[in-house]
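I opened this entry to record what I looked up, item by item. The sequence and structure come first.

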Amino acid sequence: MFSVACFLTVHEHSRGATIALHIEERDAGEWLFSLPSPADTVIEPPSVLPEGPAWLPTVDALAYLSRLHMHSTLADVPVESLLETVDSVPSAQTTIRAMHRQLTEAQAENRRLEQANEQLRAENADLTKRNREYEKSIGEANPLAVFSGRFASAREELDWQLRAQSLLQFTVEERERRPLTRWAYGDAFFDSLAECEHGDMSRWSLIRTMLLVLTGKETLNGLRQHQLRTGRGGDNPGRKDEHGNTIYRCNVHGQYRLHFTRDGADRVTFLSVNTHDDLLL
């Protein structure tokens, strides 16, 4: 038994391309054709005339091997090269059948991906809902929650909750190093707070965020604090209040955002709390 590499001329992307094959002679006059290895040594074919050039060019005879392992379709073939392969009605029919099969497979794959994406969107919406419910349940378990509704006004209650929560949220050393700055509320703040609490916003998540702002920690990555702009574009000018103070927005939890300003005396004014897509009240 012996083996030898030979060359064939085929219609492979372009007419007249030369490719190398591996041939083995088996017993009983049988021959085995197989693909060579890219590392194989190409044997020069004999010349037609004595001392003449080889009758087939060997340059790039193994180049087709890498293309065999690529996932490609007729759409990847240049249209002019594709047209060159269609020289009869039967070959045109073969090409059309191949294109139709690939189109059918692509449409089936698109439908499968759309169904998978729809399922992922539904699962994501369910996880988001559960996360908001969890945030709210954690807030309702806050030891200070039992004192809600025992104050003369919503302002008085929130002021007390901020001071009391700071005792739970920060150590003595942290409170001495970063005491709460002075704060106030915008005219629309409590109306916006009531609107969000009709939804699934956690009061205590909001208070924890407000305390980070009052201690100058609003630049923490989780809060994603940034300047509020006059429009949704990143190049729109920043918004300011009637006193010329920059208006900022930071995360509370889920879809909720806190808007506030900080003046030259480091006093914070909480303007509103909104959902992410709502404009400032």
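My notes follow, from the overall picture down to single residues.

**Ground rules**

I am working with a predicted model, where local features need pLDDT of at least 70, side-chain atom pairs count only at pLDDT 80 or more, and totals for chains, interfaces and linings use all residues. Residues are numbered from 1 along each chain as its sequence is written, and side-chain values use heavy atoms, with hydrogens and water left out.

**Overall picture**

I looked up the secondary structure first. The protein has 7 helices and 8 strands. Both are DSSP runs numbered from the N terminus: helices are H or I with at least four residues, strands are E with at least two.

Next I checked burial. Of the 281 residues in the protein, 32% are buried. The cut-offs are under 20% relative accessible area for buried, over 50% for exposed, and partly exposed in between, with a 1.4 Å probe and protein chains only.

Then I looked at contacts, meaning heavy atoms within 4.5 Å. Among contacts with a separation of 6 or more, 51% join residues 24 or more positions apart.

**Helices H4 and H7**

How do the axes of H4 and H7 cross? I find that they come within 10 Å and cross at roughly 75 degrees. The axes are lines fitted to C-alpha atoms, for helices over the stretch in contact, and angles run from 0 to 180 degrees between N-to-C directions. H4 and H7 are therefore roughly perpendicular. That class covers 65 to 115 degrees; under 35 is roughly parallel, over 145 roughly antiparallel, and the rest oblique.

H4 spans residues 154-169, and H7 spans 203-214. On the H4 side I listed Glu157, Leu158, Gln161, Leu162, Gln165, Ser166 and Gln169. They meet Arg203, Trp204, Ile207, Arg208, Met210, Leu211, Leu212 and Leu214 in H7. By class, this contact has 8 nonpolar, 4 polar and 3 charged residues. Ala, Val, Leu, Ile, Met, Phe, Trp, Tyr, Cys and Pro count as nonpolar; Asp, Glu, Lys and Arg count as charged; the others, Gly among them, count as polar.

I moved to the loop between H3 (89-140) and H4, where Pro143 sits. Pro143 is exposed at 53% relative accessibility. Its C-alpha is 9.6 Å from that of Leu168, which is 25 residues away along the chain.

Phe147 is in the loop between H3 and H4 as well. Phe147 is partly exposed, at 33%.

Is Asn251 buried or exposed? Asn251 is buried, with a relative accessible area of 16%. It lies in strand E6, residues 247-253.

Beyond its neighbours within four places in sequence, Asn251 touches Thr209, Gly222, Leu223, Arg224, Tyr256 and Arg257. I followed Arg224 further. Arg224 is in the loop between H7 and strand E5 (226-227), and it is exposed at 60%. Its phi is near 50 degrees, a positive value in a residue other than glycine.

**Another positive phi**

Asp266 has phi near 70 degrees, again positive and again not glycine. Asp266 is in the loop between strands E7 (256-262) and E8 (268-275). At 37% relative accessibility, Asp266 is partly exposed.

**Asn274**

Which side chains make polar contacts with Asn274? I found His259 at 2.8 Å and Ser272 at 2.7 Å. Asn274 lies in strand E8 and is buried, at 2%.

**Cysteines**

I checked for disulfides, pairs of cysteine sulfur atoms within 2.5 Å. The structure holds 0. Cys196 is buried at 6%, and Cys250 is buried at 0%.

Note on methods:
Polar contact = N/O pair within 3.5 Å; in protein donor to acceptor, adjacent residues only side chain to side chain.
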